[in-house]
Amino acid sequence: MEVKIEDSWKNELSEVFHHDFFIKLATFVKYEYQNYQVFPPGKEIFNAFWHCPLNAVKVVILGQDPYHGPGQAHGLSFSVKPGVPFPPSLLNIFKEIKSDIGTDMPPNGDLTRWADQGVFLLNATLTVRANQAGSHQNQGWESFTDEVIRIINQNQNHVVFMLWGAYAQKKAELIDSKKHLVLRAPHPSPLSAHRGFLGCRHFSQANRYLLENGKEPIRW
């Protein structure tokens, strides 16, 4: 598995890459890519780690699985490439940003511009078989991404963690809330967004916290 990953992450994760669980995971993922259609494309699995170095992380937005439809997933949680219709959860995210801080709906759903500002867009599982949601869960990715959250928690100060939905909120136990800001809301999916994601005002809260701690706010 080719790992295109920025140096600060490579250094911090070098031990993890040698753990038994990761070696087993890499074998599984390699087999899946050779025998099935898997998303995102192999070179984009670690896109979040490429665009957002560890020392640049200001905000973490945690997703669960990559999108499993053709051409959608590209290694950043909730993001799709230009030209791909907005998935429903992403549409609700943009609606909340408009309502919260007044920023208009963007022309496309590519969140690389957020990643380049320090928004770490992490899925708990970094790969998925086409049209089979959850197909790569419980293979080791969750252990890997837990390690990633621990590394951010330990190495950075004053990071905003946006935990949307019950699955993401379980990760709160890995985060020191005295050192970081933990924001919780229902998931932005159409099934739950109306139960409190819409109206959560996480984007203005995040920027206020960053400013209070001497950091540049995010241009959402």
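Two rings of Phe, Tyr or Trp, the last represented by its six-membered ring, form a pair if their centres lie within 6.5 Å. By this rule, 22 aromatic pairs are counted in the structure above, which is a predicted model.

**Aromatic rings**
- A pair of aromatic rings is described by the distance of the centres and the angle of the planes.
- Ring pairs join Trp9, Phe17, Phe21, Phe22, Phe46, Phe49, Phe120, Trp141 and Phe144 into a cluster.
- Tyr36 has a charge over its ring: the charged end of Arg129 sits there, 3.6 Å from the ring centre.

**Packing of helices α4 and α8**
- Helix α4 spans residues 88–101 and helix α8 spans residues 202–212; their axes are 8 Å apart and meet at an angle of about 60 degrees.
- Because of this angle, α4 is oblique to α8.
- On the α4 side, the contact is made by Ile93, Glu96, Ile97, Asp100 and Ile101, and on the α8 side by His202, Phe203 and Ser204.
- Sorted by class, the residues of this contact are four nonpolar, two polar and two charged.

**Annotated domain**
- An unreviewed UniProt entry lists residues 50–210 as "domain: Uracil-DNA glycosylase-like".
- In the model, residues 50–210 are 30% helix and 14% strand, and the end C-alpha atoms of this span lie 22 Å apart.

**Backbone details**
- Most residues other than glycine have a negative phi, and most peptide bonds are trans.
- Phe39 and Pro40 are joined by a cis peptide bond, with omega about -5 degrees.
- Pro40 belongs to the loop between β1 (38–39) and α3 (47–51).
- Phe78, a residue other than glycine, has a positive phi near 70 degrees.
- The loop between β2 (59–63) and α4 contains Phe78.

Terms used. Residues are numbered from 1 along each chain as its sequence is written. This is a predicted model: local features need pLDDT of at least 70, side-chain atom pairs count only at pLDDT 80 or more; totals for chains, interfaces and linings use all residues. Side-chain values use heavy atoms; hydrogens and water are left out. Rings of Phe, Tyr and Trp (its six-membered ring) pair if their centres lie within 6.5 Å; planes under 30 degrees apart count as stacked, over 60 as edge-to-face and the rest as tilted. A charge sits over a ring if NZ of Lys or CZ of Arg is within 6 Å of the ring centre and within 35 degrees of the ring normal. Axes are lines fitted to C-alpha atoms, for helices over the stretch in contact, and angles run from 0 to 180 degrees between N-to-C directions. Helices (H or I, at least four residues) and strands (E, at least two) are DSSP runs, numbered from the N terminus. Angles under 35 degrees count as roughly parallel, over 145 as roughly antiparallel, 65 to 115 as roughly perpendicular and the rest as oblique. Contact means heavy atoms within 4.5 Å. Ala, Val, Leu, Ile, Met, Phe, Trp, Tyr, Cys and Pro count as nonpolar, Asp, Glu, Lys and Arg as charged, and the others, Gly among them, as polar. UniProt positions are given in the numbering used here, feature names are shortened, and annotations may be inferred rather than shown by experiment.
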